[in-house]
Amino acid sequence: VGDSRDYDREVESVCPFCGVGCQVSLKVKDNKVVYVEGINGPANEGRLCVKGRFGFDYIHHDHRLTKPLIRREDAPAKGLNVDPDNWQEVFREASWDEALDFAANGLKGRGREVAGFGSAKCTNEEAYLFQKFIRQGFGHNNVDHCTRLCHASSVAALLENVGSGAVTATFNEIENADVAIVIGANPVENHPVAATYFKQFAKRGGKLIVMDPRGQALKRHATHMLQFRPGADVSMLNAIMHVIVEEGLYDQQYIEGYTENWDAEKAHLADYAPERMAEICGIDAETLRAVARDFATAKAGMIFWGMGVSQHIHGTDNSRCLISLALMCGHVGRPGTGLHPLRGQNNVQGASDAGLIPMFLPDYQSVMDDGVRSAFTEVWGSGDFSNEKGLTVTEIMDAVHTGDIKAMYVLGENPAMSDPDVEHARDALAKLDHLVVQDIFLTETANYADVILPASAFAEKSGTVTNTNRQVQMGRPAVTPPGEAREDWAITTELARRCGMAWDYKSPADVFAEMKRNMRSLENITWDRLDRENAVTYPSLSPEDPGQAIVFGDGFPRPEGRARFTPASVIAPDDVPDAEYPMILTTGRQLEHWHTGSMTRRSAVLDAVEPEANCSLHPSTLRQLGVDPGGHVRLTTKRGSVVVMARADRAVAPDMVFLPFAYVEAAANILTNSALDPYGKIPEFKFSAVRVEKAESG
Ligand code: SF4
């Protein structure tokens, strides 16, 4: 893998893993991608990380689905029990006609009993079609995707206070900043190419402030590392803002010109003196004061955040604090300033923009607005659909348990691994009357399917994707799909026809043209232009404008053009440690594996580097447990228990354990808590009370 330099042709496309959106050149020989190089995309300038460079061979893995499959009548009960090398005991091969008819017959006419999970791994066109499929075909908004599990709370806070759910500046803009905060993110592992820009920034003298309960590689480049107590984000951020108010470091002119509700915020912060908050957040008052001064007095400052901020029941409050911090210092809308939630999946920004969420149509237009809905039904040429917000990812699973949802169409998502308290989700999948799964592998979710539709990997299809920077980029096919697998847009289109919708798309370009009719964000961005230029940032002000890297320099898309301060109070985590579960579990990703592992664990290089389920514990904790590094521990929460290999890691506090969620054999989400942030409806993946014991094999 990756060692052959012998190729027939090369095709420019976009890396399928993270939201950085690195542009790649796929080198192809005999209908196989043989190696990958970075090219000069706006986000990566030729750089790639280990996943982008070596993680592509999953597309040619033996486990690829090559024919439609239908569950056998004599199959065992639904469960996580299908061997990908011996699937014939559970499924039988079917023709496309039979499988599509079977899939459609189980869905059509069922209205609100149907729900859909689309995917941030699919293209913008595929996401748009998927949400249209549910809304037009079934008359409601029960459609969602994994944004609900990553940045839904960030988006809720940004929409509320800034008027837009996307970043206000690209991450590359850090080169113009004097100070940058990176909080609740581990970009060296999760956004590795973005991290190279952060390191360069520090190297040229920029003040890099890293805030995270877990230490991390970026710490080496930081002027301040605030390793705060898990869950104490709001206390810490309010204390920093308290100092800015107390010492008069805020930007009065900016606040007067561009914001509202400042007086309420200022009054609220009076209670958060750093000397009071120091013990709660585990950071001494002097450090909090120093950070406040560095950020507020800089000419230009940026804030980057990740799922350490968003995946809490107070995730929206965390983001509200970050927005307030930037606003009070006037660090928005100028070079080197901005708010940037680092988006996770390669197309989670685009899938959200395309309306793959239960409360918004494309471009975050409310489903509750009659004018908006009729604008869409006019383009779609069909009757109205519900004005009620639909159910979110975890609410849909709850509705399966209550019997309100009986059939699902899941495209490219893996809720049997990714949902919190995952046995609850697996039980729901097993309960469904009818489950249609469209994917490239027989994923854990596909184990529960009634019918499986074999789809295409990124290198086998055309389509646009939008990265964390708001850059819409063109993905191109380099090889043909294996066997009878088809492109996702074509499968959804055919399924829609068989469910009675008059769809007539001939290509993804047709879909993109339809999207443009009701998406102002795509003004001046055409399929031909993307094909020519590879990437255009939205908003683009003219057919020649490459797009606006920084937005909101002259006001916000809110009433009177003003951003809002929304004060945030401290809310304790939902599942706090006690005598039975005395430690704190936090989950996340690691450099070599991507999300539920369906792609990277089938990549030879990545799996060779990181083959085994593992967790990280402080060396002193391991000593207390009597476990050597490399031995095994049992992690138990109120939801369940897993056994996993333990690594010694000083970056993890003695009362914490970090567990990656890519491994089915020790699925982190068996342990996690499904309590939700009330605004973003995002689960609290980052905090569960846990008991850690030496395992029998430890
Ligand atoms: Fe792919 Fe992200 Fe790595 Fe870039 S940083 S190569 S987009 S995984």
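These notebook entries record what I looked up in a predicted model of one protein chain.

**Entry 1. Ground rules**

I number residues from 1 along each chain as its sequence is written. The model is predicted, and I therefore note that local features need pLDDT of at least 70, that side-chain atom pairs count only at pLDDT 80 or more, that totals for chains, interfaces and linings use all residues, and that side-chain values use heavy atoms, with hydrogens and water left out.

**Entry 2. Confidence**

I looked up pLDDT, which is the predictor's confidence in each residue, from 0 to 100. The chain has a mean pLDDT of 96, and 99% of its residues reach 70 or more. I also noted an ipTM of 1.00 and a pTM of 0.96.

**Entry 3. The whole chain**

I found 23 helices and 28 strands in the chain. These are DSSP runs (helices H or I, at least four residues; strands E, at least two), numbered from the N terminus. The C-alpha trace spans about 70 × 65 × 55 Å along its principal axes. The radius of gyration is 24 Å, which agrees with the value near 26 Å that a compact globule of 698 residues would have. That radius is taken over C-alpha atoms, and the globule rule is 2.2 Å times the number of residues to the power 0.38.

Of the 698 residues, 64% count as buried. Buried means under 20% relative accessible area, exposed over 50%, and partly exposed in between (1.4 Å probe, protein chains only). I then turned to contacts, meaning heavy atoms within 4.5 Å. Among those between residues at least 6 apart in sequence, 73% join residues at least 24 apart.

**Entry 4. Helix H19**

I asked how many of the 11 residues of H19 are buried. Just after H19, Gly500 takes a positive phi of about 100°.

**Entry 5. Helix H16**

H16 (residues 393–402) is also mostly covered, with 7 of its 10 residues buried; Val393, Ile396, Met397 and Val400 are among them. Its buried residues pack against E16, strand E6 (114–117), strand E7 (143–144), helix H17 (415–418) and helix H18 (422–431). Just after H16, Gly403 has a positive phi of about 90°.

**Entry 6. Loop residues**

I asked which residues His618 is in contact with, leaving aside its neighbours within four places in sequence. They are Asp649, Arg650, Val652, Ala653 and Pro654. His618 sits in the loop between strand E24 (614–617) and helix H23 (619–625). Its relative accessible area is 15%, and His618 therefore counts as buried.

The peptide bond from Tyr538 to Pro539 is cis, with omega near -5°. Pro539 lies in the loop between strand E21 (535–537) and strand E22 (563–564).

I noted that Asn261 has a positive phi of about 70° although it is not a glycine. Asn261 is in the loop between strand E11 (259–260) and helix H9 (262–269). With a relative accessible area of 28%, Asn261 is partly exposed.

Asp363, a residue other than glycine, has a positive phi near 65°. Its loop runs between strand E14 (360–361) and strand E15 (365–366). Asp363 has 19% relative accessibility and so counts as buried.
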